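Colleague: I would like a close look at one part of this model, the place where the two chains meet. Please take it step by step.

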Number of protein chains: 2
Amino acid sequence: MAFSFHSRFFKTETITLADTTEQIIRGGRDQSCLLKKAFAGIKQIGVIGWGSQAQAQAQNLRDSLKDTGVTVKVGLRKDSPSLNKARALNFTEETNTLGEMHKTIKESDMVLLLISDAAQVKHHEEIFCSLKPGSTLGLSHGFLLGYFANNNIKPPDNINIIGVCPKGMGDAVRTLYVQGQHTCGVGINTSFAVHQDSDGRATDQAIGWSVALGAPVSFFTTLTAEYKSDIFGERAILLGAVYGIVEALFRHFTTHDNMPEETAFRLTADSITGPLSRLISRSGLPAVYESLTPNEKETFIKMYTAAYAPAYALLLEIYDEVSSGNELRSVILASHRQKDFPLCRADGSRVWQVGQQTRHWRVDDKIPLHPATAGLYVGIMMAQVDLLLAKGHSYSEVCTESVIEAVDSINPHMHAMGATHMFNHCSFTAQAGVRKWGPRFDHLMHHQILPTFLDHTRPPKEAAASFINHQIHQPLGVCLSLR
Amino acid sequence: MAFSFHSRFFKTETITLADTTEQIIRGGRDQSCLLKKAFAGIKQIGVIGWGSQAQAQAQNLRDSLKDTGVTVKVGLRKDSPSLNKARALNFTEETNTLGEMHKTIKESDMVLLLISDAAQVKHHEEIFCSLKPGSTLGLSHGFLLGYFANNNIKPPDNINIIGVCPKGMGDAVRTLYVQGQHTCGVGINTSFAVHQDSDGRATDQAIGWSVALGAPVSFFTTLTAEYKSDIFGERAILLGAVYGIVEALFRHFTTHDNMPEETAFRLTADSITGPLSRLISRSGLPAVYESLTPNEKETFIKMYTAAYAPAYALLLEIYDEVSSGNELRSVILASHRQKDFPLCRADGSRVWQVGQQTRHWRVDDKIPLHPATAGLYVGIMMAQVDLLLAKGHSYSEVCTESVIEAVDSINPHMHAMGATHMFNHCSFTAQAGVRKWGPRFDHLMHHQILPTFLDHTRPPKEAAASFINHQIHQPLGVCLSLR
């Protein structure tokens, strides 16, 4: 896989990540001049949809492009319940910044399609019919192109197709942009991709879009690599694995170790989403190990070793399902069932009830970093890192999808709002993934990881060293420094 | 779906199942004369493979066809470790009843392809090259044709393609045939199908094969319907659901109800595979309800009602995955991973260890029929019945795949050998299915079924009546009487 691109207007910078180099783009405010060049010929950007990404992106783009002559217009279904919400944020029919979805698509020179994956699949024919020849289609996710690849559908070749994928949730894309007005970088890092370049402008349009969103750093990728790592990631360490780890470990602590339920919740869910994530975010992965006492280090490595190999096999299964197209078809089938058969509950078991009840009297500084929990979580995370590297993903993508998005975005959000809030409010694609793969991680824990952890064999001596000396720590350090 | 066929030689009988009629064929010994006619032109039947189905079928066919002039020859890979096992059962090179697989295929007029699903998919090109024009390919499972349908592969049209699918495990196909030598029917019922009839003989060849296996009754189906209900069934009530029910209910009984582990195993796994299955097999489904005390009836219906709707939704997901081809692709992907990453353990959790330890001092007559366990199992079974009927499967197929195969074949086998033995020794396709869907049933129990069961709302008054008066009981009674 080649990780290089050519921009006519934006200055690129080269970073060294382990044994590779990658080009990146630095963002920041006051880039109106560059954005004008990147968006030359673009009078109107249509932002289609009003999910949290669409809301955030529409506002950031409007703010960033206010001096460039580019209008940002939100396009929604005629009867969309979101129309009033858009009006409340000053996207209005009167100012021609709010309109019907297909009309908006027809008028716009660049269309950012931010409706749900399932809706993109369902409506792609009309949408492609509405797109102007010579216009640019922007995606924040490669799902639709994965669907096209699986079904031998070719999009029209008279448009550009680009992707900009913020590495965090929509809320954060907006909040950090607002908070960061006076810093150099002002929001969330992205990866950008050029899928189809019909007029030679696609790369600069993609970078322009990313910079206008406020990305401090934009990494280069392909939409194929992106959707694989993205859909895979949310089924794995970002959501599915956390779900399964917490279910299984809570049950283990309460039944095998007779721990009170509140304590067990603190030492599992709260420990991961709180102190463990903060420590990794601030100081990287080896810092977790270094922060432990000698006894705790032993526990950490024992669980890490018990988890790594079985987790790798399950992660490989997930990756196979995603890259074969099975997972996309599953999501589409689930979306067809959704009206009559909504996704099953993910918050009915004891652990999440305890979490809801006890979150309110939690004292954040007093949540301990539990070495078994940490060993398990980091073991699965490292298995994911190794798998994505083996599959040829770039270091920046591996660091972002396996570590940074977890510890900077998803986990803090779960810590603040409760994990069950996340499992019920993330995208439909992710919700379906949690329900499908979360129980598999839970099962793996009970049948393979915990029995190994509990038996009396010691992990191999080199286990700690191979973790501490892993090739990912340098690239992760670089990527963490780029926020 | 049309459920009728035309046989030139065998006498058909019509049975009434609810609002439909189906034609069936009665089997029995001493049908040499009919078999000679059905197999006219067939000098040699090649049985390819040495799994439990292949062993059983090769022996039954040899015995049934001994006066017809048809040779039954086993075909195996040159270096197959099964060669000696076949020789030990008197399939030998000297008598020209044992040979290399492709050579055997080339020589045979009828080839029964009984190697694993994954091996069929892997080797189908060479196999189809080896088949003689005008010969007949027999399958005991529709997996390969499902794979063909998904990949737009057309088998050559100068052969017959037929299916005969015994409704029980290979061991039973042979054992019952031997035991039943002097009864009318002598073995396990089958369904048969004609997928491609190039010379007008396919239907009688299929029936002949089924009769020669010793099927007391042969039901008609299509290979498409068969593989869907079969692959679906083993992921659902036959294996996956039992696995999930036992995991979840054992955990519930031991933690929520503080039951001793041994008691919990008796009241879950043992109760299902022992008394519950025997009662259904002997007396049908309503007998389960009727056998309970008034209080137990209430518990049964409460759990039945809590389980039915969520189980229906999960079963529909499984059905969608199977009929979209996703599940077949998953199995094939798993078979590719198998060498480096074997399927994960399914017997590592507490419940199966307890089962292994306590099975030996179990007193069979003293295993109680627990009303919550029964309500759960029967609730999921009835959801499966309703789903398969809604998807257009014939009553005989629904009764067989949802009830009879469970209570007559799979459950008694698990009762005798231990459930974990089954989960580790069934076909690779089934093993992969248990590991994929078992945890989903477990999860559904904890998040949806048990919380509903434990809350204080009463099930609707008509719940018991709608179960007792369900349309399946008459067809099930007929099918049970046909064993």
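How many salt bridges are there between chain B and chain A?

Modeller: This is a predicted model. The count between chain B and chain A is 2 salt bridges. In one of them, A:Arg337 is paired with B:Asp320, and the closest N and O atoms are 2.6 Å apart. A salt bridge is counted here when a side-chain nitrogen of Lys or Arg lies within 4 Å of a carboxyl oxygen of Asp or Glu, so the pair A:Arg337 and B:Asp320, at 2.6 Å, falls inside that cut-off. Between chain B and chain A there are also 25 residue pairs in polar contact, counting pairs with both residues at pLDDT 80 or more.

Next, the elements that take part. On the side of chain B that touches chain A, two or more residues come from each of α10 (240–256), α13 (294–323), α14 (326–337) and α19 (428–454) of chain B. Of these, α19(B) gives the most, with 10 residues.

Now the extent of the interface. In total, 34 residues of chain B are in contact with 34 residues of chain A. Together the two chains bury about 3,000 Å², and 59% of this is on carbon and sulfur atoms. On the chain B side, the residues that lose the most area to chain A are B:Arg337, B:His443 and B:His447, which together account for 20% of what that side buries.

The arrangement of the two chains comes next. Two copies of a chain are related by a rotation about an axis and a shift along it. The same surface serves both copies, as 100% of the contact residues of chain B recur in chain A.

For orientation, here is another part of chain B. It has an open sheet of 10 strands with mixed pairing, in the order β1-β2-β10-β9-β8-β7-β6-β3-β4-β5. The edge strands are β1 (12–17) and β5 (98–100) of chain B, each of which pairs on one side only. From one strand to the next, the twist averages 30°. Helix α8 (residues 202–213) of chain B packs on this sheet and touches several strands, including β8 (160–166) of chain B. The direction of α8 makes about 30° with that of β8(B). Within the sheet, β3 (residues 44–48) and β4 (residues 71–76) of chain B run parallel and are joined by 5 bridges. One pair of bridge partners there is B:Ile48 and B:Gly75.

Technical notes
Residues numbered from 1 in each chain as written. Chains lettered and ligands numbered in written order. Predicted model: local features only at pLDDT ≥ 70, side-chain atom pairs only at ≥ 80, totals over all residues. Heavy atoms only, no water. Contact = heavy atoms within 4.5 Å. Pairing = 2+ DSSP bridges. Helix = DSSP H or I, 4+ residues; strand = E, 2+ residues; numbered from the N terminus. Axes fitted to C-alpha atoms, helices over the stretch in contact; angles between N-to-C directions. Buried area = accessible area lost by both parts, 1.4 Å probe. Polar contact = N/O pair within 3.5 Å; in protein donor to acceptor, adjacent residues only side chain to side chain.
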